[in-house]
There are 2 protein chains.
Amino acid sequence: MRVQDIIAVKRDGGVLEEEQIRYFIAGYTDGSIPDYQAAALAMAIMIRGMEPEELSVWTDAMLHSGSVVDTSSIPGIKVDKHSTGGVGDKISICLAPAVAACGVPVPMISGRGLGHTGGTLDKLESIPGFSVDQPVERFCELVLEHGLALIGQTEDLAPADRKLYALRDVTATVPSVPLISSSIMSKKLAEGMDALVLDVKVGAGAFMKTEAQARELAETLVDIGSRAGKQVTALLTRMDEPLGEAVGNANEIVEAVDVLQGRGPEDVTELTYALGAEMLLLGGKAGSAEEAREILHEAISSGRALETLQGLVAAQGGDAEALVDHGRLPRAAHSLHVGAPAAGVVHAIDAAEVGIAGMLLGAGRRVATDRVDHAVGVTVRRHVGDEVREGEPLVTLSYNQEKGLTEAVGRILGAYVIGSGEVEQGPLVIDVVRGEPR
Amino acid sequence: MRVQDIIAVKRDGGVLEEEQIRYFIAGYTDGSIPDYQAAALAMAIMIRGMEPEELSVWTDAMLHSGSVVDTSSIPGIKVDKHSTGGVGDKISICLAPAVAACGVPVPMISGRGLGHTGGTLDKLESIPGFSVDQPVERFCELVLEHGLALIGQTEDLAPADRKLYALRDVTATVPSVPLISSSIMSKKLAEGMDALVLDVKVGAGAFMKTEAQARELAETLVDIGSRAGKQVTALLTRMDEPLGEAVGNANEIVEAVDVLQGRGPEDVTELTYALGAEMLLLGGKAGSAEEAREILHEAISSGRALETLQGLVAAQGGDAEALVDHGRLPRAAHSLHVGAPAAGVVHAIDAAEVGIAGMLLGAGRRVATDRVDHAVGVTVRRHVGDEVREGEPLVTLSYNQEKGLTEAVGRILGAYVIGSGEVEQGPLVIDVVRGEPR
C-alpha cells in the first residue's frame with residue numbers, strides 16, 4: 001500500500017477503505033508515515049469531508065492507536081460529559097460531583113486551555129496540591145471510591161490524536177467537522193465511558209459560530225457514538241457572552257463551588273442542571289428530565305454534591321478546605337475596574353474577546369507551552385440585558401503583572417456593545433440531539 | 001505572518017496575496033517553513049486551484065528562490081523547448097542542434113526520466129564521456145560557441161521547485177495544473193531563455209490523458225510565460241503510441257541522429273520540424289512556418305545540424321564519433337522478439353506500458369535513486385495502423401539481465417491492441433496555442 005495512493009483517494013473526493021484508514025493511522029502513530037503525508041491527508045479531509053461510516057472507522061482507528069481504559073470493574077453505567085470549549089466554562093467542576101452524588105459514575109478526562117478558551121485541568125490546578133496526573137489504575141480506583149475522577153489525558157490514550165491535533169494546529173486543518181469529531185470521540189471512547197453528554201457551544205465565544213455548524217458537529221458526534229455502540233446526547237448551548245461571572249482559573253473554582261452551594265450564577269446553575277439531567281437519564285437514575293432535576297437538586301441542597309467534590313479533591317492530593325475557604329486559593333495582587341464608556345443597555349459581549357483579555361493577563365495560553373497564572377482573571381459584572389451608567393464597572397480585571405493589561409482593557413471595551421432599548425435573548429439550551437447505540 | 005493563516009486562505013478557496021506567496025516560498029526554500037505546512041498548502045492548491053495572476057506571482061517567487069542565469073552576453077533571441085514527457089521522446093537531441101544550426105541560440109536545461117517516461121539527460125549520458133553537469137558560466141560559453149548547450153539542472157536554479165517537486169511526489173499533489181505549470185516555468189525562466197516552445201503531450205503515454213486537460217495545461221503555461229514577458233508557444237501533440245521506434249537511451253541517440261541524417265522515423269522527423277519551425281519563428285529567423293521548415297531542411301540536409309551536435313558533444317566531453325559510429329555506444333548483450341499473439345491490424349499501443357517495459361529492463365527508473373542501464377531498451381517494430389501476421393515481432397527487447405524480462409514481455413503484450421479493419425489516426429500535432437508577452 002502506498003501512502004500517496006491513500007491520500008489521492010481523499011484528494012479526489014472518494015471514500016477511504018477500512019484497510020487504508022487503519023494502515024494510515026497505525027503508520028502515523030508509529031512514525032513510519034511522516035507529518036507531511038498526514039498534513040496532505042488532513043487538508044484533503046478538511047476540504048472533501050468524510051462519509052459517516054468512513055468517519056466511524058477513522059475514529060475507531062484513532063481510538064485503538066493506544067490503550068483503552070478498562071472500566072469494567074466499576075459497576076453502573078459510566079457517563080462522561082465533554083464541552084467543545086467556551087469562555088467561563090467551569091461546568092465540569094460542579095457537574096461531575098453533582099452527578100456522581102446521584103449515583104452515576106463519572107470517569108472524566110479533561111484538557112487544558114488554549115487561546116481564548118480555558119481548560120478544566122488548569123482550573124483544577126488552582127486548588128493547592130491537586131494533581132491531575134493520575135495513572136489509569138488510580139483513575140478507576142477514584143471512580144470506584146468517590147464516584148468520579150478528574151484527570152488529564154495520559155500518554156497512551158489515543159496517541160494518534162495527540163500527534164494529529166498538534167499537526168492540525170499548524171497546517172490550517174483545525175475547523176473540520178470530521179477531524180474535530182474524531183479527535184473528541186477517540187479520546188472519550190478510550191477512557192472507557194458507557195455514555196456521553198456533549199455540550200456543543202454555539203456563538204461568538206465558541207468554535208462554531210452558527211447554529212447550523214454546531215448542529216452538524218453535534219449530529220456527527222452523536223452518530224460516531226451510536227456507531228461505536230454508545231449512547232450519546234448532545235446539547236446545543238449558547239456561548240455568545242461568557243458563562244457566569246468568573247473567567248480565569250481560581251475564580252472559576254469559586255464559582256463552581258457556588259453552584260454546589262446553591263448560589264451560583266443563574267446561567268451556570270441552569271447549564272449544570274440541563275447537562276446533569278441528561279447524564280442521569282443516560283445513567284439510568286431518572287425516568288424523566290423533571291425527575292432528574294429533582295434528584296440533582298436534592299444532591300446539591302443536601303450538601304452531598306459538595307462533599308463528593310471535597311472527597312475527590314483530597315484523594316487527588318488537593319486542599320479540600322480551599323473549596324470553602326477561598327483565602328487558601330491563589331489570589332491576584334491587583335485589580336482594575338473597566339468602566340462603561342457610555343450609559344445604556346448591554347446588547348452583546350463578545351465572549352472570545354473576554355477570553356483573550358483573560359489570556360493576556362496570564363489566565364490562559366497563547367501557545368501550548370505558555371504557563372498559566374491561576375490567580376488572575378476577569379470578573380464579568382454586567383451581562384447582556386443589564387443596564388449600565390457611564391463609568392460603572394463592566395468587568396474587574398485581577399492581575400499580577402502590568403504586561404498585557406492595556407491590551408486586555410482594550411479587548412474588554414471592544415467586547416461590549418452598549419445600546420438602547422430592550423435586548424432579546426434566546427434560550428441557553430438551544431436544542432438537544434439524542435442518539436441510540438446501533 | 002502566520003503560515004497557517006496563509007494555508008487557510010487557499011483552503012477556503014481564496015486568492016493568496018503576493019506578500020503571502022513570497023513569504024511562503026522564501027521560508028520553504030530556506031527551511032524555516034517545514035514540509036508538513038508545504039504539503040497542506042500543496043493539497044489546498046491542488047483542490048482549490050489558482051487564479052492566473054496568483055499563479056504568475058507564485059511562479060516568479062519559485063524562479064527567484066535561487067539564482068537566474070544571465071544570458072545577456074549571448075546575442076540573439078534565445079529559444080528553448082520543453083516537453084511534458086512522453087515515451088520515446090528524443091526530440092530535444094535532434095531539435096536543439098537543428099535549430100541552433102539555423103542561428104537561434106538554444107540554452108537547454110533538461111531533466112531525468114522517472115516511471116514510464118525517459119529523460120534527455122539519461123539519453124545523452126549514453127554517449128561515452130558526455131557530461132551534463134556544467135557550471136553556469138560554461139553553459140553560457142557553450143551556447144555562445146556552439147549555439148546550444150544540453151545540461152542538467154544546477155543546485156542553485158529554482159531550489160524551491162526541487163524541494164516542492166519531491167514533496168508533491170509523496171503527498172499525492174502531482175496532478176495539479178498550477179503546480180505542474182509553475183514547476184516547469186520557474187525552471188525555464190531561471191535558465192535565461194527569451195522564448196519557449198512547449199510540447200504538451202496528450203494521450204495514453206502522457207501525463208495529460210485528455211485533450212481538454214492538455215489544453216488547460218498548455219494555456220496555463222503560455223499565460224505564465226506571457227505574464228513574465230516571454231513569448232511562449234505550446235503545441236498539443238499526440239502521445240498514444242511511443243514516438244518513433246526506439247525507447248531507451250543509446251538507441252534513442254541513434255534515432256535522433258537518424259533524423260539529423262534525414263532518415264529518421266516519420267513521426268519523430270515531423271515533430272522535430274513542427275517544433276523547430278515554431279522555435280525559428282520565435283527566434284526571428286523565419287517569417288512563416290513554411291519558410292522555417294525550408295531553413296530547417298537545409299540545415300539538416302547540408303549536414304550542419306549534425307555537425308553542430310557533434311561539436312557540442314565534443315565540447316561537453318563526449319565521444320562525437322559515437323554519433324555516427326554506433327559500435328561506440330553501449331549495446332545490450334541479448335535481444336528478444338515479442339511476437340504478435342494473433343494476426344490483424346495494430347489498433348493501439350499503450351505508450352505508458354511500453355515505457356514501463358523499458359523501465360523494467362533497466363532503461364528507466366522506478367524511483368529517483370535507481371540507476372539507468374543505457375544499453376537496454378525497446379525497439380517498436382509495428383505501429384498503429386500496421387498489419388501483422390501471427391508471431392511476427394511487435395517489438396524487440398534489448399536487455400542485459402533477465403530480471404524484469406518476463407514482466408516486460410507481459411507489459412508489451414498488454415500494450416498492443418490488435419484487431420481487424422482500418423484504423424483512423426488523428427494528426428500528430430493537434431493544435432498550437434500561442435501567447436504574446438504582456
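Reader: In which order do the three strands of the open sheet in chain B lie?

Author: In this predicted model, strand S10 (387-388) and strand S12 (416-419) of chain B are the edge strands, each pairing on one side only. The pairing in this open sheet of three strands is antiparallel. The order is S10-S8-S12 (chain B).

Reader: How many bridges join strand S8 of chain B to S12(B), and which residue stands opposite Tyr416(B)?

Author: Strand S8 of chain B covers residues 344-349 and runs antiparallel to S12(B). The number of bridges joining S8 to S12(B) is four. Opposite Tyr416(B) of S12(B) stands Ile349(B).

Reader: At about what angle to S12(B) does helix H16 of chain B run?

Author: Helix H16 of chain B comprises residues 405-415 and lies across S8 and S12 of chain B. Its angle to S12(B) is about 45°.

Reader: Which strands are at the edges of the open sheet in chain A?

Author: Chain A has an open sheet of three strands with antiparallel pairing, in the order S10-S8-S12. Strand S8 (residues 344-349) of chain A is joined to S12(A) by four bridges, and Ile349(A) has Tyr416(A) as its bridge partner there. The strands that pair on one side only, and hence form the edges, are S10 (387-388) and S12 (416-419) of chain A.

Reader: Which helix lies across S8 and S12 of chain A?

Author: The helix in question runs at about 45° to S12(A). It spans residues 405-415 of chain A and is named H16.

Reader: How much area is buried between chain A and chain B?

Author: The size of an interface is often given as the accessible area lost when the parts come together. Here 21 residues of chain A are in contact with 21 residues of chain B. Carbon and sulfur atoms give 73% of the buried area, which is about 1,700 Å².

Reader: Which residues of chain A lose the most area to chain B?

Author: Three residues together account for 34% of what the side of chain A buries. They are Arg11(A), Tyr36(A) and Ile47(A).

Reader: How many salt bridges and how many residue pairs in polar contact are counted between the two chains?

Author: The count of salt bridges between chain A and chain B is zero. For polar contact, with both residues at pLDDT 80 or more, the count of residue pairs is six.

Reader: Which element gives the most residues to the side of chain A that touches chain B?

Author: The elements giving two or more residues to that side are helix H1 (3-11), helix H3 (35-48) and helix H8 (159-170) of chain A. By kind, the residues of that side divide into 13 nonpolar, four polar and four charged. The element that gives the most, with ten residues, is H3(A).

Reader: Why does the salt bridge of Asp194(A) and Lys78(A) tie together parts that are apart in sequence?

Author: The structure holds 63 salt bridges over all chains. In this one, the closest N and O atoms are 3.6 Å apart. Asp194(A) lies in the loop between helix H9 (177-190) and strand S4 (195-202) of chain A, whereas Lys78(A) lies in the loop between helix H4 (52-63) and strand S1 (79-83) of chain A, so the parts tied together are apart in sequence by 116 residues.

Reader: Which residue has its backbone oxygen 3.3 Å from a polar atom of the side chain of His374(B)?

Author: His374(B) is found in the loop between helix H15 (351-361) and strand S9 (377-380) of chain B. Leaving aside neighbours within four places in sequence, His374(B) has contacts that include Glu125(B), Asn249(B) and Pro330(B). The backbone oxygen at 3.3 Å belongs to Asp122(B).

How values were computed
Residues numbered from 1 in each chain as written. Chains lettered and ligands numbered in written order. Predicted model: local features only at pLDDT ≥ 70, side-chain atom pairs only at ≥ 80, totals over all residues. Heavy atoms only, no water. Contact = heavy atoms within 4.5 Å. Buried area = accessible area lost by both parts, 1.4 Å probe. Salt bridge = Lys/Arg side-chain N within 4 Å of Asp/Glu carboxyl O. Polar contact = N/O pair within 3.5 Å; in protein donor to acceptor, adjacent residues only side chain to side chain. Nonpolar A, V, L, I, M, F, W, Y, C, P; charged D, E, K, R; others polar. Pairing = 2+ DSSP bridges. Axes fitted to C-alpha atoms, helices over the stretch in contact; angles between N-to-C directions.
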